[in-house]
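The sequence and structure come first, then the notes by topic.

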Amino acid sequence: MNDQEAFAIAVEEAKIGFEEGGVPIGAALISRDGTLLGRGHNMRVQKGSAIHHGETAALENSGRLPASAYKGATMFTTLSPCDMCTGACILYGISRVVIGENKTFLGGEAYLKQRGIEVVVMESQECQDLMERFIKERPEIWNEDIGEEERVYSKESK
């Protein structure tokens, strides 16, 4: 499986999440030999979960694998990974993270690089458009997802 095919899986997962009313972040975990290990999307809303982000869903859906299965693997994700998902990639020895976009949210890319993980940003307008639409339509869910307090602005505070 090449990068474009693997990235397309992550985008498909993000769209599924959006259609389900959840945060549109998708991921696909691909082994060093090009095999799909797991795929998933953010399910925090759908499952009432605190930790079911796109990347963690892809890891969960890969099942229980030996550490060697993750060595040399690539995590494809539609959005820059948060601190939790960055840590999961480091913990499992994933060697490469391919990111759809990092304009709507910039996660732990610098830390991934510091830990020797290759980071590739696709600058996908499709991913950015989907996230911007979601953030505009569901800001309270987005803020919750990234651990922010919902901001309420009054006319006086603007």
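Glu12 has a relative accessible area of 41%, between the 20% and 50% cut-offs, so Glu12 counts as partly exposed. The model is predicted. Glu12 pairs with Arg39 in a salt bridge whose closest N and O atoms are 3.3 Å apart.

**Arg39 and Glu13**
- Arg39 also forms a salt bridge with Glu13, with 2.6 Å between the closest N and O atoms.
- This pair likewise links helix H1 to strand S2, across 26 residues.
- Glu13 is buried because its relative accessible area is 7%, under the 20% limit.
- Arg39, at 25% relative accessibility, counts as partly exposed.

**Helix H1**
- The 17 residues of H1 (residues 3-19) should span 24 Å at 1.5 Å a residue, and the end C-alpha atoms are 24 Å apart, which agrees.
- At the start of H1, a side-chain oxygen of Asn2 comes within 3.0 Å of the backbone nitrogen of Gln4.
- Gly21, with a positive phi near 90°, follows H1.
- Buried residues of H1 include Phe7, Ile9, Val11 and Phe18.
- The partners against which the buried residues of H1 pack include strand S1 (26-30), strand S3 (74-79) and helix H7 (125-137).

**Other salt bridges**
- The structure holds seven salt bridges.
- One of them joins Arg133 and Glu137, with closest N and O atoms 2.9 Å apart.
- Both residues lie in helix H7, four residues apart, about one turn of the helix.

How values were computed. Residues numbered from 1 in each chain as written. Predicted model: local features only at pLDDT ≥ 70, side-chain atom pairs only at ≥ 80, totals over all residues. Heavy atoms only, no water. Helix = DSSP H or I, 4+ residues; strand = E, 2+ residues; numbered from the N terminus. Expected span 1.5 Å × (residues − 1). Buried < 20%, exposed > 50% of the residue type's maximum accessible area, 1.4 Å probe, protein only. Contact = heavy atoms within 4.5 Å. Polar contact = N/O pair within 3.5 Å; in protein donor to acceptor, adjacent residues only side chain to side chain. Salt bridge = Lys/Arg side-chain N within 4 Å of Asp/Glu carboxyl O.
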